[in-house]
Amino acid sequence: MHTFHNPDRFMSDLRHILSQGRKRIGLLVGAGAPMSLRVSDTGALVSEGGRSLMPGVEALTTQSIEALGGQQRTAAEAIRAELGAAANIESILTRIRLLQQALGPAQVHGLDSEGYKALGAEVCKKIGEVVGAPLPKERNAYTELVSWVSGTLRAHAVEIFTTNYDLLFEEAFERSRASYFDGFTGGHLPFFDPVSVASDDLPPRWSRLWKLHGSLGWALEGDSIVRGRGRTASQLVYPDHLKYELTQKQPYSALFERLRQFLLTPDSILLTSGFSFRDAHICAVLDEALAMNANASVMAFQYMPLASEEPACKLAYERPNLSVYASDGAVIGGVKGVWRPGDPPKNWEDIRATFWGPRWQGEQSNFLLGDFAMLTRFCALSQATDMSAQATRSDAVVSAQAGGSPAAVAVALANVGEAKA
């Protein structure tokens, strides 16, 4: 007994929803998203070869530690070795900050409390140097997403939640002259205003950008969190695993609460891309909100096969209003199944090419929207009634060749899209 899911049916309904501008739509964007952009050594977008605009977490960990020097690098490498398989830049920062709080004048790996304070600041600085790359000048996934967001008359603002602390979304909005609000207000020293985040009384044409893990350019000055300090300001990036404590402090408490309130709003749809579902604190918010609001739904677009997306699938089995769309199959309505396209209706082949096909030349066809660039292209084309399969596919490939990583509607779609054989 096998279960099959027909991607045509689900994507037809999603395309209809995205084109209307009536639903409350949000996006949760993780570290896999900027990996979908391939650039040359000069930072120009390329269709083949090149490198990812941003490295994955593992590469970021290696680059950040190798950029340290002297005793700081020795201590960071020792911590990484102690953590073993669990070691990444976030868990290493967690250990550094725990040692900073606990040691006092005592030393571990040659550093005392003040030494680990300096090490934590230096690691954040190195992270900022790695992820501070500018957005390519060519049309790309970020500019296409902003074009879709700002190009439709909407009843509700689109809300973008991201765990990334690069400035790619800000650049894309500003390049398109599209209005957005990120929680800060003021001109000379824009300061974080949690009241404005909670009240959400700006007009719908102002998109919302919520940076759950902080951002480059944010700084703590006196009692205020301020913005506009440039890419070298990195003291408020990448909160560590002590998030249960950190999320009770500003600005994180207001931003996490905004995610919770979005999911508690009737008829809200959250699309995730490049998000691995390994952040326990964000997953706890998703789990709680989906349990409380059956009319909300999360559609998780994952780059890898289902077998490699265990954290996302686990939550999808427990919450049927969260669906996982992986390259080889899906978990929809709590039911796992493999993809099996049906007989396409008239003029559907070109639309199918925006979400189904070979990822690389010579490969078999699979579901493509786990790639952030393909998902943004799908959104951008949701209002198109006539398009060329060659244009939609090749243009998206120019925007991204590598793809992302480990990033009520779901139940309704399951009712029409699930077939058993």
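Q: Before we start, what are the ground rules for the numbering and the model?
A: Residues are numbered from 1 along each chain as its sequence is written, and side-chain values use heavy atoms, with hydrogens and water left out. As the model is predicted, local features need pLDDT of at least 70 and side-chain atom pairs count only at pLDDT 80 or more, while totals for chains, interfaces and linings use all residues.

Q: How many disulfides are there?
A: A disulfide is a covalent bond between the sulfur atoms of two cysteines. Here we call one when a pair of cysteine sulfur atoms lies within 2.5 Å, and the count comes to zero.

Q: Is Cys313 buried or exposed?
A: Buried means under 20% relative accessible area, exposed over 50%, and partly exposed in between (1.4 Å probe, protein chains only). Cys313 is buried at 5%, and Cys379, at 0%, is buried too.

Q: Which residues of α12 are buried, and why do they line one face?
A: An α-helix has 3.6 residues a turn, so residues three or four places apart point the same way. Helices (H or I, at least four residues) and strands (E, at least two) are DSSP runs, numbered from the N terminus. In α12 (residues 310-318), Ala312, Cys313, Leu315 and Ala316 are buried. Looking down the axis, the buried residues fall within an arc of 165 degrees (taken from the directions from the helix axis to the C-beta atoms), so they line one face. Glu310 and Lys314 are exposed on the face turned away from that buried side.

Q: What do the buried residues of α12 pack against?
A: Going by contacts (heavy atoms within 4.5 Å), they pack against α11 (280-292), β14 (322-325) and β15 (329-332).

Q: How does β15 pair with other strands?
A: Two strands pair if DSSP finds at least two bridges between them. β15 runs antiparallel to β14, with two bridges, and antiparallel to β16 (residues 335-339), with four. Val331 in β15 is the bridge partner of Val324 and stands opposite Lys336 in β16. In the β15-β16 hairpin, with two residues between the strands, Gly333 takes a positive phi near 60 degrees.

Q: Where does Val331 sit among the nonpolar cores?
A: A nonpolar core is a set of buried Ala, Val, Leu, Ile, Met, Phe, Trp, Tyr and Cys residues joined through side-chain atoms within 4.5 Å. The largest has 76 residues, with Met11 and Phe301 making the most contacts inside it. A second, separate core of 37 residues includes Val331, along with Trp210, Trp218 and Ala254.
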